[in-house]
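Please have the structure open while I talk.

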Amino acid sequence: MFERFTRGARATVKGAVAQAERAGADSVTEEHLLLALLEQEGGRTSFAVTSLGLHDRRASLDAAFAEARRRGGLTRADTDALADIGIDIGAIVSRVEGAHGEGALAVGRGGRRWWSGHRPFTPGAKTVLENSLRVALGRGDRFIGEEYLLLALTAKPGVVADVLAEHGATHATVRRALYGPDADGGQGHAKAG
């Protein structure tokens, strides 16, 4: 599948690996894919990310991801569902951190050393890559551009989609930012222009 990736999409995947390395993460996650997309310059995806205001709110995105990691990777929907049955995740996190230190429940950080320098992709990140192919095929393209990675990130339920939605970047708004107000719902090619 990697052979179908455009130069920009390949740079995004390599950038995600670099993001994981800088963060000291054991594996490459969906968050790392998004952060690598935010670093891309030029092209349709960079324009869409800028028009949605995500570049200007990078600190807010980072804080939202840090809070999600602190909650053990639970989405807002998970946290709300647990609250509905009387489980206060905030209280649980506070008690665990009180006993074991700040960040005790944080996901994506580990003490293992990667002697080979290889960081595997999490199942969620692999799903995003696979879904980017589905998005491309659904649009009638044989290549996978970084815009399809962004659309796949917004379409897959989870922390990244939640954080993006909290910042105004839903699947629909990203599609409109990429293809214009007359975006055709992902079927066929958008009008040139």
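What we have here is a predicted model, and across the protein the pLDDT averages 82, with 83% of the residues scoring at least 70. Among the elements, helix 8 has the highest mean pLDDT, at 95, while helix 6, residues 89–100, has the lowest, at 71. Two stretches call for caution: over residues 108–116 the pLDDT is below 50, although the model gives this stretch 12 contacts beyond near neighbours in sequence, and over residues 186–193 the pLDDT is also below 50, with 14 such contacts. Where pLDDT is low, the predicted coordinates should not be read in detail.

Now to helix 7, which runs over residues 123–138 and, with its 16 residues, reaches 22 Å from its first C-alpha to its last, close to the 22 Å expected at 1.5 Å a residue. Which residues of helix 7 are buried? They are Gly124, Ala125, Val128, Leu129, Ser132, Val135 and Ala136, and because they cover an arc of only 150 degrees around the axis, they fall on the same side of helix 7. These buried residues pack against helix 1 (7–23), helix 2 (30–39) and helix 8 (146–155), whereas the face turned away from the buried side carries the exposed residues Pro123 and Arg134.

Helix 7 is followed by glycine 140, whose phi is positive, near 80 degrees. As for rings, arginine 139 lies over the face of tyrosine 179, at 3.8 Å from the ring centre, and the structure holds 1 aromatic pair.

Terms used. Residues are numbered from 1 along each chain as its sequence is written. This is a predicted model: local features need pLDDT of at least 70, side-chain atom pairs count only at pLDDT 80 or more; totals for chains, interfaces and linings use all residues. Side-chain values use heavy atoms; hydrogens and water are left out. Helices (H or I, at least four residues) and strands (E, at least two) are DSSP runs, numbered from the N terminus. The expected span of a helix is 1.5 Å times one less than its number of residues. Buried means under 20% relative accessible area, exposed over 50%, partly exposed in between (1.4 Å probe, protein chains only). The arc is that of the directions from the helix axis to the C-beta atoms. Contact means heavy atoms within 4.5 Å. Rings of Phe, Tyr and Trp (its six-membered ring) pair if their centres lie within 6.5 Å; planes under 30 degrees apart count as stacked, over 60 as edge-to-face and the rest as tilted. A charge sits over a ring if NZ of Lys or CZ of Arg is within 6 Å of the ring centre and within 35 degrees of the ring normal. pLDDT is the predictor's confidence in each residue, from 0 to 100.
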